[in-house]
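Trainee: Could we go through this model together, a few residues and then the wider picture?

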Amino acid sequence: MSTKLTKLEGSVKRRWWLVAGTILLILLTAGVGAASHYWKLRAAHAGSGSADEIPTAEVRRGELVDSVELRGEVKAVKSVVLTAPSSAGDIQIVKLAKNGSMVKKNDVLVQLDVTTLQNTLAQHRSDLKQAEAQIEGAHAQANLQQEQDRTDLLKSGYDVQRARLETSKKDILSKIDGEKNKLLLADAEQKLKEIEQKLTSDGTSAKADLASKKQKSEKALLEVDQDKSRLAAMTLRAPVDGMVTLMPNYRAGGMFGGGSAPEFKEGDRAWPGASILELPDLSALQVVARVDESDRARLRSGQNVKVRIDAVPDKEFVGRVEEISSMAKPDYSGWPPTKNFDMTVRIEKSDSRLRPGMSATARVAASRVADAVLIPAEAAFSRSGRMVAYVLSRGAFGGGFKEREIVTGRRGDGQLEVLQGLKPGDRVALKLPLQEKTQ
């Protein structure tokens, strides 16, 4: 009896251990499967980049500003330009004020070469002295000739009187002597007339000669005065206080000149009328930019402009579109050449650090959308011809991103209008998730 009981207990124990082992095996298998599924999800999630690692942005509702961004240059509204004399020909610059230097009124800013002009002036002064000496000689010669003619006239008058006196003795002289005295009187009277005519002729001739020499002298004096004026024009002085801005020397630039032309410098040759430098009025500045043909229809006078100056990065300036040219101009700064329009932006409040010639970026608010669903422009991705965004979702095993097709509208100031596919409050990825990159 005890033996059978013992066998029965052993059989029950074996069955119990078998059941317990089976249950344990089932539990272990389920646990391993669950763990495997968990780590697969973790691995998939880690393969796409953690939601905490990928930057996101919230979809929001607000105003979209559609902007046109242009590059330009700061210029003064008013300025005084100093140019090379128009009558000097090509002339070398021997002295030139430094670009950006502050100057006072009457300071010498440009000195042009005067060597040739000084030689010309010396020659004309010599001609003037010679002409003046000739006038003095003509005066002296005319006076001598006049004195001689008067002396001859006086002597001839005496001869006529003597001849008349002899003729009056005809009653006491023979007929032959009387006729002889008449002939002598006639000769004396004729000679007197000739001397009187000579006196008049010599006077007229002396006046004409003197007038000719005076005309020559006046011409020489005029040339000397012109040379002095030209010599003075070779020194360009500051008409007002200001800051020197050197102008581009287009002859020293490339084939098309323009922005590639270097500034004037000492040793360059300036052509007649060449603009060498300007003194801008720093109290009123503007930005002059070029507008592409494709953007011209979106811009108009009076639009607000935000201006960034490269040399003053810590400040944003406010301006307005003041003028846009009505005619397009060819731009040869690139190839192939393009056509664009000149646009002037008036800076409303200047800064003491601003200088003409500084490069600037002007952002014009071309249009506005008052109530738009907005995302950053970098949150939209092109996938197989579709625009998509990756929306952050939260689950039991952490966050992930779900691709969602979107329809976009206008773009402006780094933002993109979303017409369909997203709603305010969604969070979208700003970088493409890793698993999407490998697909």
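Trainee: Is serine 384 buried or exposed?

Mentor: Serine 384 counts as exposed, because its relative accessibility is 77% (buried means under 20% relative accessible area, exposed over 50%, partly exposed in between, with a 1.4 Å probe and protein chains only). This is a predicted model, in which local features need pLDDT of at least 70 and side-chain atom pairs count only at pLDDT 80 or more, while totals for chains, interfaces and linings use all residues. Residues are numbered from 1 along each chain as its sequence is written, and side-chain values use heavy atoms, with hydrogens and water left out.

Trainee: Where does serine 384 lie, and what is its phi?

Mentor: Serine 384 lies in the loop between strand S18 (381-383) and strand S19 (386-395), and its phi is near 55°, a positive value in a residue other than glycine. Helices (H or I, at least four residues) and strands (E, at least two) are DSSP runs, numbered from the N terminus.

Trainee: And what about asparagine 106, what is its phi?

Mentor: The phi of asparagine 106 is near 75°, again a positive value in a residue other than glycine. Asparagine 106 is placed in the loop between S5 and strand S6 (108-112), and it is partly exposed because its relative accessible area is 48%.

Trainee: Switching to alanine 97, why does it count as buried?

Mentor: Alanine 97 counts as buried because its relative accessibility is 14%. It lies in the loop between strand S4 (91-96) and strand S5 (102-103), and, leaving aside neighbours within four places in sequence, alanine 97 is in contact (heavy atoms within 4.5 Å) with Leu109, Val244 and Leu246. Alanine 97 and lysine 265 are 168 residues apart in sequence, with 9.0 Å from C-alpha to C-alpha.

Trainee: Which residues touch the most other members of the largest nonpolar core?

Mentor: In that core of 26 residues they are Leu299, Val307, Ile309, Met343 and Leu354; a nonpolar core is a set of buried Ala, Val, Leu, Ile, Met, Phe, Trp, Tyr and Cys residues joined through side-chain atoms within 4.5 Å. Among the elements that give two or more residues to this core are strand S2 (60-76), strand S14 (312-324) and strand S16 (338-347). Apart from it lies another core, of 24 residues, including Ile93, Leu117, Leu236 and Leu246.

Trainee: Back to Leu354, what does it touch?

Mentor: Leucine 354 touches Leu285, Ile309, Val312, Phe317 and Ile347, not counting residues up to four places away in sequence.

Trainee: How many helices and strands are in the chain, and how much of it is buried?

Mentor: The chain has five helices and 23 strands, and buried residues make up 33% of its 439 residues. Among contacts between residues at least 6 apart in sequence, 75% join residues at least 24 apart.
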